[in-house]
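Dear colleague,

Please find the structure we discussed below.

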Amino acid sequence: MIRLEHVTKRYSPERTSVEDLTIDIKEGTTAALIGPSGCGKTTVLRMINRLLDPTSGRILVDSKDVATVDPVSLRRHIGYVIQNIGLFPHLTIEENIAAVPRLLGWDHRKIKQRTEELLHLVGLEANELLRRYPKQLSGGQRQRIGVARALAADPPILLMDEPFGAIDPIARTRLQDEFKHILAKVRKTVVLVTHDIDEALKLGDTLAIMRDGRLVQHATPKVVLQQPSDSFVNDFIGADHAIRRLELFKVSDVMIGPSRTSATAKIEEGQTLHRALAMMISLNVDCLSVVDRAGSIIGTITRDTIFSA
Amino acid sequence: MMLATVVGWLNQHGAEFLLALWRHVMMSLLSLSAALVIGLFLAAAIVDRAKLGFIVINIVSGLRTLPSLAVLAITVPLFGIGLTPAIIALTILALPPILLNAHVGLRDADPDAVEAAVGMGMHRLQVLLQIRFPLAAPAIFAGGQTATIQVISGATLAPFIGGGGLGDYIVTGIGILDIPTLLIGAIPIALLALGAEYSLTRIERRLFSEELWR
């Protein structure tokens, strides 16, 4: 869906932001572009919707070279969310969400219907919010409206630049969960720029780790955590990556059949291995019974199964 | 006693006075409108062009340092005397506050909103008209207000280049040392300037500080 081929962006002979970067982002997946600040990840994002043009190389969106597409019509089909959201302060929430549909010339009824639909999609139920102005909303609400606005015209692609960066940590975690939920419903190709490894692991189907303008590794979170390509990636994902990795597996993924040895503690099948291990440590036991939603035992999980996952 | 003289004079020369007043107001309005059109157009033209902007802003800032009378004097060799050169001179006088305020307002319009607007696919003109101008409106209004006061007082000097207006009475009054004549010009000009300042401030409050989104 999005493919960068040997893309280089040089601001001046001494200042190279992106160096010979090739990456393929598959349709319907979320690629988390991650790296320390100044590694060129935002530049990559801004080249996809042609806010910047590469010095050399090609960028293909939907197998078309973006350099041959009118930037304005390209951008109208790519949702864009920036860190500071950038809601239009002088327009109501309704007008903000309706911005792209208006540019595309949708009729009033369709816009109104879509706006209300989007408000619900991003978890804001109250229609009276539509008549408010961005200033009158909380930070979390504004961020949701930013996502709603980007999704308004149902673009196949969504570019997000540190979308949850400006929100307090508690609200951020909740928004990330909700966003993951939204993404599952709308199925978009997403490029998410972040410097937060936890966010990348949570939301990314793939992780693209960048350093000094180069792509160091692009793989699924499991692969990155299991086989970091070099010491930079290893340091970047943190010393506790072996434990973090457990968050990527559900108990039901690795459990073994119900055992007769009585494991008194129970854990629901949808929980992560991380949670299971934490339970074992705090209860000082070696195995747990896995239960389904109804509470009946469907399997067992032991310390060994977790360690070998 | 002096006031009685003034009132008596006004009774006899009411039509002449009204004509001078009308001319003063018209001169001010015409030059303000011209300066608004030119200033806003220039400000819009330089908003994304840093180099051109630098040149334009410096020239216009330079204009601001010229004394009003000098601006009027310069127009005489170029445009002769009469109403038109007076209006041109007043336009030059009104341009700096309008352009400089509009420039700062448009340039500093919420950069995140502008980035989002460009990123979602607005054309240059759409960004300008739908985002930058509404956000810059208070700054533009303030520039217009400053220009209005400058033009009303600047128009007092129009008689020097044959532009007429209420300044005629002041110039004549000083010339023949006749205080009542001088006051017939000075008081209405002062009232015009004060009235403009007062009503524009009211309008500004109405327009901007009561808006929900600020």
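**The interface of chain B and chain A**

In this predicted model, 20 residues of chain B are in contact with 23 residues of chain A, contact meaning heavy atoms within 4.5 Å. About 1900 Å² is buried between the two chains, and carbon and sulfur atoms give 67% of that area; buried area is the accessible area (1.4 Å probe) that two parts lose on being put together, summed over both. Glu115(B), Met120(B) and Trp213(B) supply 34% of what chain B buries against chain A, more than any other three residues.

One salt bridge is found across the interface (a side-chain nitrogen of Lys or Arg within 4 Å of a carboxyl oxygen of Asp or Glu). Glu115(B) forms a salt bridge with Arg46(A), with the closest N and O atoms 2.5 Å apart. On the side of chain B that touches chain A, helix 6 (111–119) and helix 7 (124–154) each supply at least two residues. Helix 6 of chain B gives the largest share, seven residues. Helices (H or I, at least four residues) and strands (E, at least two) are DSSP runs, numbered from the N terminus.

**Chain A**

Chain A has 14 helices and 13 strands. Its C-alpha atoms fill a box of roughly 65 × 50 × 30 Å, taken along the principal axes.

**Conventions**

Residues are numbered from 1 along each chain as its sequence is written, and chains are lettered from A and ligands numbered from 1 in the order in which they are written. Local features need pLDDT of at least 70, side-chain atom pairs count only at pLDDT 80 or more, and totals for chains, interfaces and linings use all residues, while side-chain values use heavy atoms, with hydrogens and water left out.

Yours sincerely
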